[in-house]
Amino acid sequence: MGSPRADSVELLERAADESRMEDPAAPGAGTLPANGNGNGKGKQAAPKGREAFRSQRRESENYIATLKTWNSPLTGGALKKISRLKGKEWLELEEDAQKAYVMGLLDRLEVVNREQRLKVARAVLYLAQGTFGECDSEVDVLHWSRYNCFLLYQMGTFSAFLELLHMEIDNSQACSSTLRKPATSIADSTELRVLLSVMYLMVENIRLERETDSYRWRTARETFRTELSFSVHNEEPFALLLFSMVTKFCSGLAPHFPIKKVLLLLWKVVMFTLGGFEHLQALKIQKRAELGLPPLAEDSIQVVKSMRAASPPSYTLDLGESQLAPPPSKLRGRRGSRRQLLTKQDSLDIYNERDLFKTEEPATEEEEESVGDGERTLDGELDLLEQDPLVPPPPSQAPLSTERVAFPKGLPWAPKVRQKDIEHFLEMSRNKFIGFTLGQDTDTLVGLPRPIHESVKTLKQHKYISIADIQIKNEEELEKCPMSLGEEVVPETPCEILYQGMLYSLPQYMIALLKILLAAAPTSKAKTDSINILADVLPEEMPITVLQSMKLGIDVNRHKEIIVKSISALLLLLLKHFRLNHIYQFEYVSQHLVFANCIPLILKFFNQNILSYITSKNSISVLDYPCCTIQDLPELTTESLEAGDNNQFCWRNLFSCINLLRLLNKLTKWKHSRTMMLVVFKSAPILKRALKVKQAMLQLYVLKLLKIQTKYLGRQWRKSNMKTMSAIYQKVRHRMNDDWAYGNDIDARPWDFQAEECTLRANIEAFNSRRYDRPQDSEFSPVDNCLQSVLGQRLDLPEDFHYSYELWLEREVFSQPICWEELLQNY
């Protein structure tokens with residue numbers, strides 16, 4: 001990572017996770033050599049992709065003759081270069097010659113022979129990986145990988161590989177042969193992994209924007225985004241195809257699918273087509289402006305960036321230890337011991353506020369030792385995360401002069417008040433002072449004392465109207481007046497197209513994702529009936545030596561971590577985009593996640609040693625791409641594998657934990673029935689243990705989850721967790737009349753929980769049926785009852801009608817008896 005700040009969403013998003021090439025064509029991705037020591041050059045680790053590239057280069061002479069028949073604009077010298085590419089000549093070729101070579105590869109993809117097709121696909125993968133055999137540095141590999149991916153897309157490679165992917169998905173022979181095997185291995189998904197690797201590299205390289213990109217590349221990016229977002233040639237969007245692969249894998253019909261690569265590609269496709277967190281913030285600002293709402297008070301991403309992590313709360317054992325007198329050797333002076341006790345108690349210095357009565361001189365070495373010993377827990381484990389925050393504090397500024405007075409900073413968030421909160425406040429005030437209420441009237445203050453007037457004025461100053469409030473109000477009006485308001489105009493955005501495609505299979509998609517998340521969780525136990533998510537990481541032959549076993553164990557753990565990261569980020573992105581598009585789309589997805597036991601699953605995930613999970617070192621840095629293709633691979637030993645890398649924590653796992661906490665917040669916010677699920681599953685001690693991680697963003701969402709259930713935990717819990725309560729006060733946004741710390745909320749009625757969820761479900765079903773189920777014979781279909789307009793319509797009669805008009809009139813009108821009395825009685 002280029003920056004050490006963990007609280008930046010951009011850096012968390014781009015954490016070094018899937019950087020290693022897992023494909024067999026990638027260096028270092030296969031099994032170790034027979035001797036088990038892993039010696040050799042990086043460029044000799046796995047030469048399959050390069051060999052396929054060179055074999056296709058030798059066969060390109062036949063393609064040159066075809067090009068000449070097409071009257072190709074290429075010169076004869078360029079055509080000769082294609083037939084004898086050696087060394088760095090691919091990098092030195094003109095663009096026309098490179099296009100001609102890619103065109104030849106795509107033509108050879110149409111062969112019937114499966115082995116030949118795989119060979120050509122490996123050559124394309126070698127180009128997408130940056131032709132590392134011709135590069136001398138990692139920067140060159142990354143540059144040519146990006147250049148080649150744009151070139152491949154311009155030549156139609158993605159469409160060709162999409163057709164091959166359809167063929168592999170529908171390949172029943174591969175599925176049946178896999179089902180007959182006793183165990184699925186990495187060899188069963190070779191073709192799929194090559195195809196998905198090429199598509200992933202193209203999506204990821206084209207998705208990332210740079211200021212130096214040319215106009216042609218920017219145009220290609222927008223065209224690619226449009227192709228992935230909307231259905232092309234009456235086909236479903238690409239994300240729906242990947243969702244169908246996930247459900248097919250979980251149903252057991254295709255156990256050989258490389259599910260990790262499918263999930264990674266699905267996450268990147270959703271991020272590319274819908275947009276990341278920064279794009280979401282821009283969309284939110286734009287939509288509020290369109291609805292005439294006031295702008296946002298702050299940017300949540302920027303606020304979290306400026307936060308500082310708090311020290312973990314003290315536990316019973318810690319309190320007992322701090323009350324014991326330290327040994328005499330540690331007390332070199334009264335001042336040092338006093339500072340130690342103050343440091344131990346003042347664990348919530350979130351904003352690094354300056355104390356006017358505290359000297360600015362640095363502590364001595366002896367005092368620092370005493371402070372460190374005082375914060376040592378009884379677990380016997382002095383973890384780096386418990387001593388220092390994940391994000392180092394900002395550089396110290398110049399000391400303030402003694403004449404200036406430094407006031408403490410304010411709270412990080414602007415307080416918010418809902419319309420419902422103002423109505424509840426006025427209802428209680430009117431009942432108390434007047435004896436009757438006025439419903440939803442928030443303007444009439446007659447009969448109320450002056451302090452109530454001032455309170456209502458303050459509440460209205462901080463009133464926040466969300467986009468969801470406007471959408472719910474519009475939906476209620478459309479349900480009440482379907483005829484007068486007419487049909488709703490729904491813009492065809494990528495998010496709307498994706499929701500329409502996912503609507504009828506959305507429960508299966510959510511259940512499948514949660515099944516895979518459960519299988520990849522570190523706390524889940526291996527079961528015989530669970531799905532096998534390790535099919536694309538286990539080799540055909542199990543390891544023999546200790547070194548191979550250790551490497552396989554690291555790969556398996558890393559495999560699970562990447563799956564957790566991709567699913568958590570995918571679900572969070574879907575929820576945030578659907579919430580912005582329409583609140584009931586968000587609620588529909590949320591309800592199905594709750595029905596599929598997502599809340600206890602996330603709590604089960606956090607019911608582990610989160611510190612150990614975030615500091616795990618399940619990676620082999622020398623095998624990461626692209627350094628493994630350029631540098632000489634050192635000898636892999638058991639000691640080097642045990643030591644791991646030099647990182648103090650794993651960005652991938654930190655990102656996953658934050659995503660899961662945000663997902664849990666999305667599911668439970670303002671939902672009392674789901675908040676009670678947190679209480680029933682005893683989430684408070686689980687979440688409190690997660691506060692040991694000194695990272696501001698993670699602590700913020702943990703404290704939010706603790707805040708919403710504090711009123712149900714009882715007075716004794718609040719009394720014994722005052723530091724956690726203080727942290728909630730200092731870090732979480734304030735709701736002015738929210739009685740979260742006392743349990744006097746009038747919404748906390750247990751008998752209303754079930755009714756609240758049922759009402760929400762009825763509103764969601766009404767929304768989906770109104771917008772997406774449009775039967776032809778509806779009771780609201782317009783009927784023309786005007787006599788003049790009906791008689792004035794021009795009807796196309798047959799040409800010979802006037803010859804038989806009188807006969808028709810006599811038979812159909814005059815000869816038919818009409819009983820007018822019976823007609824009046826019936827109608």
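Predicted model: local features only at pLDDT ≥ 70, side-chain atom pairs only at ≥ 80, totals over all residues.
## Overall make-up

The protein has 827 residues, and 47% of them are buried. Its secondary structure consists of 41 helices, with zero strands. Of the contacts between residues at least 6 apart in sequence, 79% join residues at least 24 apart. The accessible surface of the protein is about 44000 Å². Carbon and sulfur atoms account for 53% of that surface.

| Helix pair | Angle between axes | Distance between axes |
|---|---|---|
| Helix 11 and helix 14 | about 25° | 10 Å |
| Helix 32 and helix 33 | about 130° | 8 Å |

Helix 11 covers residues 190–207 and helix 14 covers residues 259–274. Their angle of about 25° is under 35 degrees, so the two helices count as roughly parallel. The crossing of helix 11 and helix 14 is left-handed. By class, the contact between these two helices holds 11 nonpolar, one polar and five charged residues. On the side of helix 11, the residues in contact include Arg 193, Leu 196, Met 199, Tyr 200 and Val 203. On the side of helix 14, they include Val 262, Leu 265, Lys 268, Val 269 and Phe 272. Ser 197 of helix 11 also takes part, as does Glu 204 of helix 11.

Arg 193, which lies in helix 11, is buried, with a relative accessible area of 1%. Arg 193 is 343 residues from Asp 536 in sequence, yet the C-alpha atoms of the two are 8.4 Å apart in space.

The second pair joins helix 32 (residues 651–668) to helix 33. An angle of about 130° falls between 115 and 145 degrees, so helix 32 and helix 33 are oblique to each other. In this contact, Leu 664, Leu 667 and Thr 668 of helix 32 meet Arg 674, Thr 675 and Leu 678 of helix 33. By class, the contact has three nonpolar, two polar and one charged residues.

## A largely enclosed helix and a buried glutamine

Helix 28 runs over residues 598–606. Seven of its nine residues are buried, so helix 28 is largely enclosed by the rest of the structure. The buried residues are Cys 598, Ile 599, Leu 601, Ile 602, Leu 603, Phe 605 and Phe 606.

Gln 591 belongs to helix 27, residues 583–595. With a relative accessible area of 3%, which is under 20%, Gln 591 counts as buried. Leaving aside residues up to four places away in sequence, Gln 591 touches Arg 674, Glu 757, Leu 760, Arg 761 and Ile 764.

## Residues in loops

Thr 131 sits in the loop between helix 7 (114–128) and helix 8 (138–154). Its phi is positive, about 45°, although Thr 131 is not a glycine. Thr 131 counts as buried, at 0% relative accessibility.

Lys 682 sits in the loop between helix 33 (672–680) and helix 34 (683–690). Lys 682 is likewise a residue other than glycine with a positive phi, near 55°. Is Lys 682 buried or exposed? At 64% relative accessibility, a value over 50%, Lys 682 counts as exposed.

Pro 626 is placed in the loop between helix 29 (610–614) and helix 30 (627–630). The peptide bond leading from Tyr 625 to Pro 626 is cis, with omega near 5°.

Ala 741 belongs to the loop between helix 37 (722–731) and helix 38 (753–772). What does Ala 741 touch, not counting residues up to four places away in sequence? Ala 741 touches Arg 718 and Met 725. Ala 741 and Arg 715 are 26 residues apart in sequence, and their C-alpha atoms are 9.1 Å apart in space.

Note on methods:
Residues numbered from 1 in each chain as written. Heavy atoms only, no water. Helix = DSSP H or I, 4+ residues; strand = E, 2+ residues; numbered from the N terminus. Buried < 20%, exposed > 50% of the residue type's maximum accessible area, 1.4 Å probe, protein only. Contact = heavy atoms within 4.5 Å. Areas by Shrake-Rupley, 256 points an atom, 1.4 Å probe, with all protein chains shown as cover. Axes fitted to C-alpha atoms, helices over the stretch in contact; angles between N-to-C directions. Parallel < 35°, antiparallel > 145°, perpendicular 65-115°, else oblique. Left-handed = near helix turned anticlockwise from the far one by under 90°. Nonpolar A, V, L, I, M, F, W, Y, C, P; charged D, E, K, R; others polar.
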